[in-house]
Number of protein chains: 6
Amino acid sequence: MQNNVLIVAPHTDDESISMGGTIKKHIDKGDIVNAISMTDGVGARENLTNEIKIGRKNSAILASQILGFNWIASFEFADNKLDTYPLIEIVKCIESVKNKIKPNIVYTSSASDLNIDHRILANAVLTAFRPQPNESCKEIRLFEVASATDYGHHSVTGKFLPNLFVSIEKEWPYKLKALDAYKSEIRNFPHSRSKEGIKNLAEYRGKQIGIPMAEAFEVIRKLEE
Amino acid sequence: MQNNVLIVAPHTDDESISMGGTIKKHIDKGDIVNAISMTDGVGARENLTNEIKIGRKNSAILASQILGFNWIASFEFADNKLDTYPLIEIVKCIESVKNKIKPNIVYTSSASDLNIDHRILANAVLTAFRPQPNESCKEIRLFEVASATDYGHHSVTGKFLPNLFVSIEKEWPYKLKALDAYKSEIRNFPHSRSKEGIKNLAEYRGKQIGIPMAEAFEVIRKLEE
Amino acid sequence: MQNNVLIVAPHTDDESISMGGTIKKHIDKGDIVNAISMTDGVGARENLTNEIKIGRKNSAILASQILGFNWIASFEFADNKLDTYPLIEIVKCIESVKNKIKPNIVYTSSASDLNIDHRILANAVLTAFRPQPNESCKEIRLFEVASATDYGHHSVTGKFLPNLFVSIEKEWPYKLKALDAYKSEIRNFPHSRSKEGIKNLAEYRGKQIGIPMAEAFEVIRKLEE
Amino acid sequence: MQNNVLIVAPHTDDESISMGGTIKKHIDKGDIVNAISMTDGVGARENLTNEIKIGRKNSAILASQILGFNWIASFEFADNKLDTYPLIEIVKCIESVKNKIKPNIVYTSSASDLNIDHRILANAVLTAFRPQPNESCKEIRLFEVASATDYGHHSVTGKFLPNLFVSIEKEWPYKLKALDAYKSEIRNFPHSRSKEGIKNLAEYRGKQIGIPMAEAFEVIRKLEE
Amino acid sequence: MQNNVLIVAPHTDDESISMGGTIKKHIDKGDIVNAISMTDGVGARENLTNEIKIGRKNSAILASQILGFNWIASFEFADNKLDTYPLIEIVKCIESVKNKIKPNIVYTSSASDLNIDHRILANAVLTAFRPQPNESCKEIRLFEVASATDYGHHSVTGKFLPNLFVSIEKEWPYKLKALDAYKSEIRNFPHSRSKEGIKNLAEYRGKQIGIPMAEAFEVIRKLEE
Amino acid sequence: MQNNVLIVAPHTDDESISMGGTIKKHIDKGDIVNAISMTDGVGARENLTNEIKIGRKNSAILASQILGFNWIASFEFADNKLDTYPLIEIVKCIESVKNKIKPNIVYTSSASDLNIDHRILANAVLTAFRPQPNESCKEIRLFEVASATDYGHHSVTGKFLPNLFVSIEKEWPYKLKALDAYKSEIRNFPHSRSKEGIKNLAEYRGKQIGIPMAEAFEVIRKLEE
């Protein structure tokens with residue numbers, strides 16, 4: 001069966017950092033993978049220039065070409081300020097996309113991330129895809145973003161608790177290229193959002209399940225019909 | 001002892017869906033049951049007409065007549081947008097009611113519901129009835145609303161964990177009539193907010209405690225003097 | 001792909017009560033479903049006769065014929081007394097079966113059940129199928145048993161938190177027949193292990209995901225290769 | 001309504017330390033309060049003499065006279081070694097008492113205590129009073145024992161989370177006398193099982209609910225019929 | 001080694017109520033202790049006069065002199081309304097202080113407090129001091145504020161779970177003086193923010209660790225280099 | 001101040017795998033580090049020979065020489081069968097050591113490990129070092145063992161939640177040598193108990209705190225006097 005996958009990314013780059021290997025795997029199996037981003041991912045920065053904004057857009061396009069997915073919408077919520085909007089506005093944007101493409105698998109960020117945009121988005125996605133009769137979406141998966149999920153704390157933000165591990169050993173070279181596309185977002189070792197850090201995480205998640213490399217997800221809800 | 005009960009409902013209809021049987025039981029035992037609603041419950045809808053607003057108000061009045069409780073205040077916060085107000089404003093509205101009627105038992109929605117209004121209200125009620133000396137309220141109970149509590153997820157919203165089960169077998173016919181009063185809010189099976197769904201929930205909660213039908217509550221805090 | 005399913009049941013009857021519909025679904029999709037039981041399920045009773053023991057065995061055989069699975073081993077641990085054995089003995093029995101049939105999906109009872117055998121078995125299965133390299137098992141699913149899972153309490157035993165819902169509307173008649181096969185284990189309404197109780201649970205789990213009937217599982221760990 | 005209360009104490013003294021004030025309150029309201037103890041409470045000590053055993057029994061009798069309850073059974077499980085018995089044996093002892101007196105409120109120790117006997121007993125009581133139809137017991141309350149509940153740790157034993165606070169300001173003098181009856185079990189300040197320590201706890205629980213002194217309980221399950 | 005301590009207080013008075021003894025202890029060991037407050041702590045009150053505002057400032061100065069710490073910044077966010085600002089604005093204020101003084105130990109309020117300002121601040125501090133390479137801060141400690149932390153509820157706000165206890169028997173007289181400095185904020189017994197209430201809490205936390213008096217903290221994250 | 005450290009290891013090798021770097025660090029700072037093991041660590045294996053037992057002992061001695069700590073006792077509980085002893089027997093063994101050396105920092109395994117010996121030991125240590133007045137131990141730290149802690153699952157065993165990270169970049173070469181001493185216990189990549197696996201874990205824990213390599217601990221309780 002061909003899956004119709006939707007990735008709801010807080011910012012462009014989250015999709016590649018968290019699940020670049022899994023995207024490639026979906027594509028290689030013949031699935032459709034569409035993605036949307038909620039903010040431009042750079043608006044909260046000081047010294048923001050138009051060049052930076054365009055650069056980020058180009059990075060996102062390049063990453064999507066490397067991994068094989070499509071950006072189908074980009075909402076213009078203010079970066080790092082999703083807490084300044086009514087949740088329902090964010091929900092309605094996601095619902096508008098849902099009604100158009102009717103995905104059966106949806107990925108988004110974890111409610112336990114330190115980044116406030118990520119946490120709000122988990123709430124918005126859970127609301128947009130609430131399990132009403134005839135809902136197209138049969139599975140919601142939360143991903144893990146280096147330097148957002150690991151920076152949370154169980155007493156403050158809750159805890160990411162993965163139950164699904166996707167082998168990405170074969171897909172790793174593509175993920176690495178996608179990370180290169182976002183090179184301005186990648187930090188130096190030992191930052192967890194460095195290339196070494198992201199590789200370390202893949203190996204850590206792999207070991208947890210007995211394989212060389214994996215991306216980890218928390219499946220919130222799945223329906224087998 | 002006659003109880004002085006206050007129900008703090010996010011929207012009219014929540015009181016009947018969640019605790020219609022328990023309201024009837026309170027009334028039959030001679031307790032006073034007052035209720036307030038925070039929003040009109042329809043404002044977030046597209047194609048909202050004045051007719052819909054009036055219809056909802058009439059439903060609420062009819063339900064209160066069937067079950068025997070009184071609506072004593074209706075605040076005009078925007079539906080599904082309690083996250084756009086300072087929490088303290090909502091708290092102060094609840095405190096104004098508290099100071100007038102001095103309830104000893106307070107019911108409100110759970111902080112684990114998917115609906116953002118419900119979650120904020122749990123916080124507001126906990127604040128308005130904080131256990132200062134001479135607080136009239138001796139017990140806070142969270143109720144469970146079909147298609148709000150069951151749509152939450154423990155990793156995103158937390159988990160409703162009931163510890164009080166009220167038998168409603170005898171009161172069920174009245175609850176059913178109250179649901180009829182809100183017929184525009186009731187969905188078709190297998191929606192969890194269908195009549196069959198609400199009956200199924202009552203039987204599920206009943207079985208958990210060894211009886212035919214129950215409504216379940218999470219008692220947050222109780223004082224026995 | 002054909003799945004090679006292993007059910008590790010505390011006692012015969014747990015498999016049908018918890019996942020009779022899902023077993024039938026596996027069979028209909030062409031999967032292999034084998035089951036083992038750890039105790040005779042009746043040994044803890046007073047006035048135990050040989051007739052009762054034979055009756056229970058025959059029930060188990062009949063249920064397996066109705067649903068299409070095979071009982072491949074029956075261990076003779078004392079009923080309701082798994083806490084009197086070293087955990088490692090139970091683990092080794094499960095490993096002996098694992099080495100023979102190399103299942104890729106394993107089902108067992110929840111660590112949050114009230115029944116002590118169920119809780120110990122969850123630990124034993126997690127140990128027997130720990131994620132070492134080359135482990136055949138790619139997915140561990142905990143099932144929910146009426147009058148064991150619902151009788152637990154989050155403060156004492158932990159909480160069953162399902163994330164997988166399997167539609168069983170079509171399979172329900174077969175599950176009902178399997179329950180009939182175990183008729184001496186089935187109680188009268190409103191006991192949660194009555195036919196009405198088990199149906200109520202299926203409808204409750206269905207509604208949670210927007211369908212008429214479901215069996216719910218907690219997926220502990222899954223690997224997608 | 002007259003309550004028929006059963007206290008299932010791990011050891012004599014737990015009832016007075018944890019809920020001496022609440023016992024007195026039940027008695028003053030006309031309730032019946034019976035208690036059982038599972039072990040002699042001293043068997044695990046080195047240099048145990050017959051004198052110590054008799055002294056403890058006399059203390060228990062004296063405390064019951066001060067507070068007004070009855071010891072109706074004393075089981076001879078080995079002190080601090082409840083983990084060496086099959087849980088079901090302990091359950092059956094409790095069930096034998098239950099069948100005789102049919103209590104409607106049951107108190108026992110918390111599953112989050114450091115003391116292993118206390119934790120096992122919480123499991124046994126939950127099992128003995130599982131919510132089958134026609135169960136007499138309508139409420140299970142876990143109590144808090146100085147130097148057992150406070151010595152636990154949320155990561156190892158779980159966490160006691162009280163939701164019921166009983167005012168004991170008026171009953172405190174009686175509790176103090178009952179503690180005097182157990183004087184060989186009471187330690188010196190700043191031990192949490194000193195008189196000052198137990199008073200401090202009563203004031204701490206009182207403040208949490210806005211009154212001078214309280215005993216705190218975790219209500220596991222309650223049915224209002 | 002001399003510690004460079006930063007206290008991020010929601011309102012002036014929180015630092016003395018929660019950790020007055022620990023501040024004195026830091027000072028006596030030769031550590032530097034700086035503090036900032038986010039709001040004026042009185043703005044949410046009705047009948048607010050300029051006198052009240054000045055009085056509160058003077059109280060804060062006096063308390064700092066008694067305990068030996070310095071107020072180095074006071075931000076003018078609206079009292080009890082931190083939920084009306086984008087989190088990132090609060091974060092940036094804290095980062096501006098951090099960049100100036102580069103603390104190695106940071107204290108702030110718990111994410112489980114009932115007070116909304118306290119909860120938001122825990123999030124803001126966790127964000128401002130996220131563990132990037134070369135972060136000066138090696139330890140984050142959450143403190144406990146009488147009538148904020150104890151008024152929370154685990155099902156609504158989460159639960160404060162201390163793992164660090166600081167002996168304050170010797171420092172208690174200084175803490176008491178600091179509380180006197182804030183006398184308009186101190187309530188009468190049995191309010192938990194009364195002098196007796198705060199002493200009771202110190203003794204309660206002491207007993208938990210076997211000493212006469214302590215202040216308790218939840219260490220979120222510590223690095224030993 | 002010189003620390004007097006006690007490591008309570010389920011089996012020899014756990015100390016080096018979990019905290020070899022931290023041991024070295026303690027030694028280099030001038031602390032005393034003593035260790036005890038509860039079982040021989042090999043008894044549960046099939047085809048056990050005397051050679052294997054002697055080999056394991058020699059490995060343990062060699063590792064202690066490399067890292068600089070002392071084995072001061074070795075209890076002969078049956079490997080992987082701590083669940084067959086009364087908890088109090090294990091507690092008494094630990095207390096006998098405690099009374100002799102009076103450690104101020106105690107390390108042991110996590111109650112969330114999959115290995116049953118590890119979980120029981122966490123309980124025993126918490127009991128042996130309960131916070132009575134004059135207890136020498138001021139801090140209890142749980143360590144993390146590759147292929148025991150990572151093999152647990154939050155729904156079955158609970159979750160290891162570290163709050164202390166010790167930098168071990170400088171000490172890594174010594175840890176590696178200690179692992180070589182236990183070479184018969186070390187598996188091949190991608191097993192989590194391979195050298196690469198243990199290095200990956202050190203880097204993962206490092207990144208979480210912004211440094212190259214760390215060992216992580218859960219501090220259960222600490223007293224600062």
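**Exercise 1.** How many residues does the contact take from chain C and from chain A?

*Solution.* Keep in mind that we are working with a predicted model. Begin with the two sides: chain C contributes 23 residues to the contact, and chain A contributes 23 residues. Next, turn to area: about 1800 Å² is buried between chain C and chain A, with carbon and sulfur atoms giving 53% of it. Then see who supplies it on one side: Asn163(C), Lys222(C) and Glu224(C) account for 29% of the area that chain C buries against chain A, more than any other three residues.

**Exercise 2.** Find what the count of salt bridges is between chain C and chain A, and follow Glu224(C).

*Solution.* The count is 2 salt bridges. In one of these, the side chain of Glu224(C) meets that of Arg141(A), at 2.9 Å from N to O. Now look at the secondary structure: strand S6 (164-167), helix H6 (195-209) and strand S7 (214-224) of chain C each supply at least two residues of the side touching chain A. S7(C) gives the most, with 6 residues. Sorted by class, that side of chain C has 10 nonpolar, 6 polar and 7 charged residues. Finally, check the strand pairing: S7(C) runs parallel to strand S6 (residues 164-167) of chain A, and 3 bridges join them. Here Glu224(C) returns, as the bridge partner of Val166(A).

**Exercise 3.** Work out which rotation superposes chain F on chain D.

*Solution.* The rotation is 120°, with 0.0 Å of shift along its axis, and the RMSD is 0.0 Å. The two copies are therefore related as by a three-fold rotation axis. In chain F, Thr84(F) has the C-alpha nearest the axis, 4.6 Å from it.

Terms used
Residues numbered from 1 in each chain as written. Chains lettered and ligands numbered in written order. Predicted model: local features only at pLDDT ≥ 70, side-chain atom pairs only at ≥ 80, totals over all residues. Heavy atoms only, no water. Least-squares fit on C-alpha atoms with pLDDT ≥ 70 in both. Contact = heavy atoms within 4.5 Å. Buried area = accessible area lost by both parts, 1.4 Å probe. Salt bridge = Lys/Arg side-chain N within 4 Å of Asp/Glu carboxyl O. Helix = DSSP H or I, 4+ residues; strand = E, 2+ residues; numbered from the N terminus. Nonpolar A, V, L, I, M, F, W, Y, C, P; charged D, E, K, R; others polar. Pairing = 2+ DSSP bridges.
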